[in-house]
Amino acid sequence: MTKPPKLKPLLQDADKPVQSRPRKPRNPAQPNLPLDPMPDRVDPCLALLKPKPPKGRQWAFEVKWDGYRLAVHIVPSGVRILTRGGHDWTDRFPAIAAEARRLPVATAILDGEAVVFDERGRSDFGRLQQSLGGRGGNRTSREAILLAFDLLYFDGRDLTGTELSARRHLLEGLVPAGGEDAIRLSEEIEADGDVFLRIACKHGLEGIIAKDRNSTYRSGRLGDWLKIKCVQSDGFVIVGYEKSTASFGGIGRLLLAARKGNELVYVGGVGTGFNERSAAELREQMDKLIIGKSVADTGRKRNAVFVRPELVAEIEYRAWTHDGKLRHSSFKGLREDADSTEVYKIE
């Protein structure tokens, strides 16, 4: 019988520890791996308002969520949560920050909307604001979740120059559909745009978003993303209020203005949408801004108090009257400066 060959030991000397060969110094002329630097901030892509959904297979549809736009930056050393205006609100969304740390990724930037749901599963801007302590408040919101709808940076790669369909593919691998955690996927809806809009409006949603699947991520309102609303909702400057002893906070109506060039133009008032708490907080803030004369021509008003134009209210409304006033308007809440508040512009 042939003897098996005698194997050489792994080590010449069994008493010596296992060691790899000493590393040679890296040649400085050799290039590093071409990783993209992670940006400190990316200005968001914004949706352009359109009256009807677009047609064509290149358009993807999502629900239009009503909350605060956020960018979640994930790096090995920690997480940063930035508002649309670039303010650091990491401490104000602890549940979102904690969930971001658990995501299976080393570096990433998620684009999404922080929302709080009502009993019917609809995003409610007023509830989100209340969870944060109202406008100018400093409370943390443990109710808010992030609905992620885009991925701008992923494991050392800048994805802003990549088409949306590829970015969504990577996002869905990172944040799977149907989750119940503090970061969830804003799912694409496979439906005709007109049908989807009709269903969204029937369920009391604010509207829908359409996105060009072939588009790269471009900052600003350039038409790659479109928003189609069931009801109009925009920001208007509060220029005063009418007193009332029978209403919450003593506010009969808020007096509102829009921008026209460099001027503020009165567009009517709103007397619904308040509750006792929101009216009291609003009255407290307005009474710190009282001035003697309105900055916009409101006409003759009884029991009117005028304020400096520093507060922007989000107003839901159905239409405009022939003389340029809001119809069927309702107060939704005050917009934060940190959310890069936009005031409605009259063309």
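This tour goes from a strand to a helix and then to a cavity. The model is predicted, so local features need pLDDT of at least 70 and side-chain atom pairs count only at pLDDT 80 or more, while totals for chains, interfaces and linings use all residues. Residues are numbered from 1 along each chain as its sequence is written, and side-chain values use heavy atoms, with hydrogens and water left out.

Select strand E9, residues 207-212, where 6 of 6 residues are buried (under 20% relative accessible area with a 1.4 Å probe, protein chains only); strands are DSSP runs of at least two E residues and helices runs of at least four H or I, numbered from the N terminus. Strand E2 (residues 59-63) pairs with E9 in the antiparallel sense over 5 bridges, pairing requiring at least two DSSP bridges.

Move to helix H3, residues 164-174, where Leu164, Arg167, Arg168, Leu171 and Leu174 are buried. Seen down the axis of H3, these buried residues fall within an arc of 120 degrees, so they line one face of the helix; the arc is that of the directions from the helix axis to the C-beta atoms. The face turned away from that buried side carries His169 and Gly173, which are exposed (over 50% relative accessible area).

Finally, select strand E3 (68-75) and strand E4 (78-83), the elements that give two or more residues to the lining of the largest cavity. E3 supplies the largest share of that lining, 4 residues.
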